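Me: Please take a close look at a single part of the structure shown below and describe it in a connected account. Kindly state the criteria behind each term.

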Amino acid sequence: MASNIEKSRKDFQQAQKLLPGGVNSPVRAFKGVGGTPRFFDHAKGAYVTDVDGNRYIDYVGSWGPMILGHAHDAVIKGIKETADKGVSFGAPCELEIDLAELVIDMVPSIEVVRFVSSGSEATMSALRLARGFTHRDKIVKFEGGYHGHADGLLVKAGSGAATFGVPDSAGVPADYAKLTLTAPFNDIDAVKKLFAENKDEIACIIVEPIPGNTGVMDLYSTGFLQALRDICDEEGSLLIFDEVMCGFRVAPGGAQERFNIMPDLTCLGKIIGGGLPVGAYGGREDIMRQISPDGPVYQAGTLSGNPLAMRAGIETLSRLRDPAVYEILEAKSAHLFEGLLAGCKDAGVSACGNRFGSMFTIFFTQADSCNSYADVCNSDLPFFGKFFNAMLNEGIYLAPSQFEAAFVSMAHTDDDIYETIAAASRVLARLTT
Ligand SMILES: *Cc1c(COP(=O)(O)O)cnc(C)c1O
């Protein structure tokens, strides 16, 4: 039981004086669920330990990267070895070649890759490239879809007919947001309408092939992803898969391998850096050669290809080439997901969920399925907040938002999973009486 959180409380008060909201990334502040964010001291395997010494079974995994578990021995050893040789050169190093070879080998549609330092940088740069390549300015994204914090991507549709976007954040110029067109997920007619109304103006569609930032949704069995591929082919637009979350998560080659649908460009992040700051974008060679210094599309980074980050990525990805990894993750994740859904049913709590490999979300909703942003928004968010905080007290660390995925790592044991299901059953029983 994680009861004493005095140090986290004090740290949070101090941090709020110094950092907006006390955090450096908003969801960490627990605003969606209430309560005090835990300050972590250390992590190993499937567990994170806070500054008060409470240990949690962790299903956030730094929001995805820790697929091998926290502080994996080989990853840490690699980082230390590399650090001893200097942490940054601002000049080429061989580790960049090694990681590029791994990425190109593993991700089916990537022929050439450029490393950056975050997922946001990857998506932002991929959009510029798509615009530079097609000589078109408009882009299509989906309502509720998150692709990092670049200006043109912080746009969602207003209610009513999805046409021109309105900015979703202060500070995004309306004139710029207008170039971002939005449609609902799984609504191919809305996408066709955008293309009809903006003939020869749309550079690309950007989509998470397995949306995780809305909570996990299914765009595949509905035929939506294939339809997007077809539209892009017909219209001369590029299809960008934002696989920052699902890349290396649902298969060695990500969602594109799992579904056998190939994008023109792929954005990567999270797992690719094994917990260090790495992002990447890559794809068809003729497109990628448009990037500076080969071509006219400028993009650069002082710390891009940083040796420490490259090494952490190499140690992580090389261990994901073993197909057994994904079989193990599948089995553990299915066990947990089915166990949690059964727990909801036993407690009389309406819920549904989506799972692809080791990423899943359970939505507290009356609906039978959740495959649009509107569905997700209809979930019982106050109930989620109570469930989240009660699980935290039981020593289970879930993402502090209904609109997020849970991640299972190679380090989670069967006992961890049994313990999690048992904790959920206790919590659900308490919350419904
Ligand atoms: C996390 C995420 C991003 C942003 O990556 P950062 O490294 O946080 O900038 C972009 N797209 C998707 C799908 C993500 O999950």
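Reply: S13 and S14 form a hairpin in which two residues lie between the strands, and glycine 357 in the turn has a positive phi of about 55°. The model is a predicted one: local features need pLDDT of at least 70, side-chain atom pairs count only at pLDDT 80 or more, and totals for chains, interfaces and linings use all residues. Residues are numbered from 1 along each chain as its sequence is written, and side-chain values use heavy atoms, with hydrogens and water left out.

Strands (E, at least two residues) and helices (H or I, at least four) are DSSP runs, numbered from the N terminus. Glycine 353 stands opposite isoleucine 362 in S14. S14 is also joined by two bridges to strand S16 (residues 406-407), and these two run antiparallel. There, methionine 359 has phenylalanine 407 in S16 as its bridge partner.

Strand S14 (residues 359-363) is largely enclosed by the rest of the structure, because five of its five residues are buried (under 20% relative accessible area; exposed is over 50%, partly exposed in between; 1.4 Å probe, protein chains only). Both faces are covered: Met359, Thr361 and Phe363 are buried on one side, Phe360 and Ile362 on the other.

For context, another sheet may be considered. Four strands form this open sheet in the order S1-S2-S3-S15, with mixed pairing; its edge strands, S1 and S15, each pair on one side only. Strand S2 (residues 47-50) is joined to strand S3 (residues 55-58) by three bridges, and the two run antiparallel. Arginine 55 in S3 is the bridge partner of threonine 49. The charged end of arginine 55 also sits over the ring of tyrosine 47, 3.6 Å from its centre; the criterion is NZ of Lys or CZ of Arg within 6 Å of the ring centre and within 35 degrees of the ring normal.

Turning to the aromatic side chains, Phe30, Phe364, Phe383, Phe384, Phe387 and Phe388 form one aromatic cluster. Rings of Phe, Tyr and Trp (its six-membered ring) pair if their centres lie within 6.5 Å; planes under 30 degrees apart count as stacked, over 60 as edge-to-face and the rest as tilted. The structure holds 14 aromatic pairs.

Definitions and conventions: Two strands pair if DSSP finds at least two bridges between them.
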